[in-house]
Amino acid sequence: MIDKKLHNELNSFSHLWKDGTTLAKQGWDKVAKERKSINDIHRICIEPYVNENTNVLEIGCNGGGWTKKMLHANSFVGFDALSSDHTGFWRNILPHDNIRYVQVKDFECGELENEEIDYVFSYDVFCHISYSGAKAYLKNLYPKLKDGTNLFVMIADIDKYKDDNGLKKLLSLSGFDNLQEFVDDYDGEAKNGRWFFYGLDRFCEAIDESGYTLISRDVMGELDPRSPTVHFRK
Ligand SMILES: C[S@@+](CC[C@H](N)C(=O)[O-])C[C@H]1O[C@@H](n2cnc3c(N)ncnc32)[C@H](O)[C@@H]1O
């Protein structure tokens, strides 16, 4: 049984990202002109790992902005808290037998077969997931992954997030007016697509507890100025 807090969290996005995120709506080339980092993330986290034999899971695929860079894989599963109608996924992605979109109702990963997946990507998603949710995903994903699976997950870490204007916006979304209280509330209630700053130390502790091996705490480093992307492996 999913607990009430996580159930509310999954339902808290229902008014957000209608018809897709900026990346899904505007497309890669337009967004890459302003956010050069997406090309770097693709070059470092996706290109070397995804080929015609790969079985991909993308967590938080939304309208398929990143998905388009992984469609040459053997199979693709996209998890999202929102329906495909809401995110516009199938309006952007040509339906195919080897592509599945799953609107998740919990963090159990019960829609996946054991050892079905051998690559996981998630960008701009775990920052919207509370620490309990992140830990539940890490634990429940484990049996669904083949040995050797590479996982790339971007998370929020206050030590890297140095954009004052961005922080002001995140604070006001969350309803906090004190930054430290907001950061300390890393396992609090979801609201308005707020962020959860549990940070690298806690996330790495959770990946260790679930049995994964840490490869890099922040594979993007300076190339992604605001948030770390953690590379780990089953
Ligand atoms: C800011 S959007 C990012 C979408 C996409 N990754 C991108 O970069 O364009 C966050 C997405 O994560 C989804 N999401 C939030 N919590 C989730 C969860 N626990 N499982 C799956 N998707 C989730 C939201 O519904 C939303 O589509």
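Q: Which residues of helix α4 are buried?
A: In helix α4 (residues 37–46), the buried ones are Ile41, Cys45 and Ile46. Buried means that 20 or more other C-beta atoms, placed from the backbone, lie within 10 Å of the residue's own. This is a predicted model: local features need pLDDT of at least 70, side-chain atom pairs count only at pLDDT 80 or more, and totals for chains, interfaces and linings use all residues. Residues are numbered from 1 along each chain as its sequence is written.

Q: Where do they sit around the axis of α4?
A: Seen down that axis, the buried residues fall within an arc of 70°, so they line one face of the helix. The arc is that of the directions from the helix axis to the C-beta atoms.

Q: And what covers the buried residues of α4?
A: The cover includes β4 (117–122), β5 (145–154) and β7 (229–233).

Q: New topic: how many residues surround the ligand?
A: 23 residues do, and the closest are Thr21, Gly60, Asn62, Ala81 and Asp124.

Q: What about α1 and α7, how are they arranged?
A: They are roughly perpendicular to each other (65 to 115 degrees). The axes of α1 (residues 4–11) and α7 (residues 131–141) come within 10 Å and cross at roughly 95°.

Q: Which residues make the contact?
A: Lys5, Leu6 and Glu9 of α1, with Ser132, Gly133 and Ala136 of α7. Contact means C-beta atoms, placed from the backbone, within 7 Å.

Definitions and conventions
Near = placed C-beta within 6 Å. Axes fitted to C-alpha atoms, helices over the stretch in contact; angles between N-to-C directions. Helix = DSSP H or I, 4+ residues; strand = E, 2+ residues; numbered from the N terminus. Parallel < 35°, antiparallel > 145°, perpendicular 65-115°, else oblique. Contact = placed C-beta atoms within 7 Å. Buried ≥ 20, exposed ≤ 12 C-beta atoms within 10 Å, placed from the backbone.
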